[in-house]
Amino acid sequence: MNIKDQYKILEFGDLGDERGKLVVVEGAQDIPFEIKRVFYIYGSDSQVVRGQHANRNSEFVLINVSGSSKVRVDNGFEEEIIELNRPRMGLYLPTMVWKDMYDFSEDSVLLVLANTHYDGHEYIRDYDEFIKEVGGTRRR
Ligand code: TYD
């Protein structure tokens, strides 16, 4: 499958006025799922690589509400690198893609919305296992 058909770049509206910006993300309206979980990542320095897993059940929307980071998305056949660098930009990721988050700016706050409650068992943390499950061709 073409990886560009799997992830989606979302652009959220700005409801701000002279008092400042306001961005709203409503589950199943502005993003493709109902939100069950919110977490955020900050204080990761530029050398750190996070993520390094795929999820059997979880879909995510990633938003750099402050600063910037990069996300490498890999479907087992091809990869794309997406830079998150605007608070109104979201990256939707479906299930069963491998993701690495890296190149965090010092002020990076990466907000993540998920369609699931946390369940460590649905994570695939071994790349070879991921490749096997998706029948992929890539090697690391
Ligand atoms: P981890 O998945 O390694 O974070 P990342 O993908 O951002 O690199 O998670 C770090 C720890 O936090 C790990 O012990 C699992 C735990 N955790 C939860 O308990 N709930 C959650 O929703 C998440 C994302 C992680």
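**Ligand contacts and aromatic pairs**

A backbone N or O atom of glycine 51 lies 2.9 Å from an oxygen atom of the ligand. This distance, like the others reported here, comes from a predicted model. Histidine 53 places a polar side-chain atom 2.8 Å from a ligand oxygen atom, and in arginine 125 an N or O atom of the side chain is 3.0 Å from an oxygen atom of the ligand. The ligand, taken alone, exposes 520 Å², of which the protein buries 59%.

The shell around the ligand is made up of Arg37, Phe39, Ile41, Arg50, Gly51, His53, Tyr118, Tyr123 and Arg125.

The structure holds seven aromatic pairs. In one of them, the ring centres of phenylalanine 39 and phenylalanine 60 are 6.3 Å apart; the pair is edge-to-face because the planes meet at 85°, and an angle over 60 degrees counts as such. This pair links distant parts of the chain, with phenylalanine 39 in strand β2 (residues 37–42) and phenylalanine 60 in strand β4 (residues 60–66), 21 residues apart.

Are the two partners buried or exposed? Phenylalanine 60 has a relative accessible area of 4% and is therefore buried, as the cut-off for that class is under 20%. Phenylalanine 39, at 28%, is partly exposed, since its value falls between the 20% and 50% limits.

A second pair is formed by tyrosine 40 and tyrosine 42, and here the arrangement is stacked: the centres are 6.2 Å apart and the planes are at 25°. Both tyrosine 40 and tyrosine 42 are exposed.

Elsewhere, ring pairs join Trp98, Tyr127 and Phe130 into a cluster. The ring of tyrosine 127 also has a charged neighbour: the charged end of arginine 140 sits over this ring, 4.5 Å from its centre. A further arrangement of this kind involves arginine 72, whose charged end sits over the ring of tyrosine 102 at 4.7 Å from the ring centre.

Note on methods:
Residues are numbered from 1 along each chain as its sequence is written. This is a predicted model: local features need pLDDT of at least 70, side-chain atom pairs count only at pLDDT 80 or more; totals for chains, interfaces and linings use all residues. Side-chain values use heavy atoms; hydrogens and water are left out. Rings of Phe, Tyr and Trp (its six-membered ring) pair if their centres lie within 6.5 Å; planes under 30 degrees apart count as stacked, over 60 as edge-to-face and the rest as tilted. Helices (H or I, at least four residues) and strands (E, at least two) are DSSP runs, numbered from the N terminus. Buried means under 20% relative accessible area, exposed over 50%, partly exposed in between (1.4 Å probe, protein chains only). A charge sits over a ring if NZ of Lys or CZ of Arg is within 6 Å of the ring centre and within 35 degrees of the ring normal. A residue is near a molecule or strand if one of its heavy atoms lies within 4 Å of it. A polar contact is a pair of N or O atoms within 3.5 Å; within protein, one must be able to donate a hydrogen and the other to accept it, and residues adjacent in sequence count only if both atoms are side-chain atoms. Accessible areas come from the Shrake-Rupley method with a 1.4 Å probe; for residues, only the protein chains shown count as cover.
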